[in-house]
Amino acid sequence: MPTRRRGGPVPNGASNAEGERELLSSADIARTVARIAHEILEKTADSGAPVVLLGLPTRGVHLAHRLAERVTAIDPDTTVAVGTLDPTLYRDDLRRQPTRPLADTDIPPAGIDDVTVVLVDDVLMSGRTVRAALDALRDHGRPRAVQLAVLVDRGHRELPIRADYVGKNVPTNRGEDVVVSLVESDGADGVAIR
Amino acid sequence: MTSDEGHIGLRHLLSTDGLRREQAEALLDTAASMEQALTGRAVRKLPTLRGRTVVTLFYENSTRTRVSFEVAGKWMSADTINVSASGSSVGKGESLRDTASTLAAAGADAIVVRHPASGAPHRIAGWLDRVGHSHTDGHVAVVNAGDGTHEHPTQALLDAATLRKRLGADLAGRRVAIVGDVLHSRVARSNAHLLATLGAEVTLVAPPTLLPAGVDAWPVAVTHDLDAHLTTGPDAVMMLRVQAERMHGGFFPSAREYAVRFGLNQRRADTLPDHAVVLHPGPAVRGMEIASSVADSARAAIAEQVTAGVHVRMAVLYHLLAGEDSR
């Protein structure tokens, strides 16, 4: 895994004893999700195609649900379907590590043909997870367009992939960990680097 | 559905006896994920095992097990090759050991073995582990697809997967009756161990002549009276096929008497609780161990078992072949 996500958020400090530095507070995450929701509405308005948010497990799924909630709150006329896409079986690094456990895949019943799919993940680094997700999508159907939303883009891309919606660009060293915590899985919201 | 530790430490799948609960549950969770991953898709193919070679080596007849392994491999893009005892060099007198090492030397990453001798897959795994064959880096995974009267672990896993779908993911405390020819049944042995490992309470229901020696050491209860046991309201009843080909007379007076005492007829099925599931590993001998009306009823999960078989075998191949430590 390029990003480790263990540990809780760092309370209000530039840096704590373990060398963690807060990147986004709980309030920052709420504002960021709201902004990305606005941007998704703006960028997908003209196409006329329905929007399907597909979260990449684990934290991308939580973010996808939050985004869908915000989009509906901003514009109640927009219907946004939410689903889950586990790209594990499509990864190109399976043989380089111990067997990975699989997560849920849950494509909305209406499918993804001719819709705008927005892939949602917490951290974008090498781009390999996104590539695997694009390959998986191809076997599920043919969306009109595929976009990518991430909470943090930490650089170090290994493939020609970029995000359409970025919460925060963070320059990092390869050795650092970006730790994303969300209430749904970690008890509190926050993004830290260590 | 996701467990934190990925690798479950499985190099071969030879028996359910000795399989740890977390390994069994990881395999069953993976099988459920496989089903999910393939549901409602335009293309039923995953690239996961591209470039891997799975050989099925069958010394006994089989339709569903062989097809199931082959489909599982193909849906994950492995190259699957079938070798049967007739039509191979086995007919020329080649030993099991030589056949296995030939397949390994030819590039098999996994060998799925069915053999009439109990323990044959263990022997193959032992030989291949010692020699180290595959030209890439040594490990060839062996999967037992049924050995004599010993074990048939993927059948037990698919039965458990079917029960989890019908009864809920936690089988702890569930009561499962395994009925019939336990003596000749590798399915019964594998199921008894796996279900016990998953926390279920297993009862064998069979005539004394069709119970194996040493059954006292199994993690099960034993009874000879099907009617009495059905009144206790089991959550699932697993009917075993009467294995005429392994019987050489004298196990019960007549087929008719067996059907009367141990067959699941409509009257008996009607005494089961509404939620109770009827399983049969197939091929079923209708009118013998199970009545046609029961086999075709809604509580029978026979077709679901076959479907679950593909997902379970995908999960097994995934855990044996996809990661680095398994090689």
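**Strands, helices and a chain contact**

Reader: Over residues 117-129 of chain A, how far apart are the end C-alpha atoms?

Author: That stretch of chain A is 62% strand and 15% helix, where strands (E, at least two residues) and helices (H or I, at least four) are DSSP runs numbered from the N terminus. The model is a predicted one, where local features need pLDDT of at least 70 and side-chain atom pairs count only at pLDDT 80 or more, while totals for chains, interfaces and linings use all residues. Residues are numbered from 1 along each chain as written, with chains lettered from A and ligands numbered from 1 in the order written. The end C-alpha atoms of residues 117-129 sit at a separation of 16 Å.

Reader: Which short sequence motif does UniProt put on residues 117-129 of chain A?

Author: The UniProt entry is unreviewed, and its annotations, given in the numbering used here with shortened feature names, may be inferred rather than shown by experiment.

Reader: What is the strand order in the open sheet of chain A?

Author: Five strands make up this sheet, with parallel pairing; two strands count as paired if DSSP finds at least two bridges between them. The edges are β3 (80-84) and β6 (165-169) of chain A, each pairing on one side only. β4 (116-124) and β5 (145-153) of chain A pair over eight bridges, and there Asp121(A) faces Val150(A). Read across, the order is β3-β2-β4-β5-β6.

Reader: At about what angle does helix α3 of chain A run to β4(A)?

Author: Angles here run from 0 to 180 degrees between N-to-C directions, with axes fitted to C-alpha atoms, for helices over the stretch in contact. Helix α3 (128-140) of chain A lies across β4 and β5 of chain A. Its angle to β4(A) is about 155 degrees.

Reader: Is Leu63(A) buried or exposed?

Author: Leu63(A) belongs to helix α2 (59-74) of chain A and touches Val33(A), Gly55(A), Val120(A), Asp122(A) and Leu151(A), leaving aside residues up to four places away in sequence. Touching means that C-beta atoms, placed from the backbone, lie within 7 Å. A residue is buried if 20 or more other C-beta atoms lie within 10 Å of its own, exposed if 12 or fewer, and partly exposed in between. Leu63(A) has 26 C-beta neighbours inside 10 Å, so it counts as buried.

Reader: Within what arc do the buried residues of α3(B) fall?

Author: In α3 (96-105) of chain B, the buried residues are Thr99(B), Ala100(B), Leu103(B) and Ala104(B). They pack against β1 (53-58), β2 (79-84), β3 (110-115) and α4 (120-131) of chain B. The arc is taken from the directions from the helix axis to the C-beta atoms. Those residues line one face of the helix, because seen down the axis of α3(B) they fall within an arc of 135 degrees.

Reader: Which helix of chain B gives the most to the side that touches chain A?

Author: The contact takes 22 residues from chain A and 26 from chain B. On that side, chain B has 10 nonpolar, 12 polar and four charged residues, with Ala, Val, Leu, Ile, Met, Phe, Trp, Tyr, Cys and Pro counted as nonpolar, Asp, Glu, Lys and Arg as charged, and the others, Gly among them, as polar. Both α1 (21-38) and α11 (302-321) of chain B supply at least two residues. With five residues, the helix that gives the most is α1(B).

Definitions and conventions: Two residues are in contact if their C-beta atoms, placed from the backbone, lie within 7 Å.
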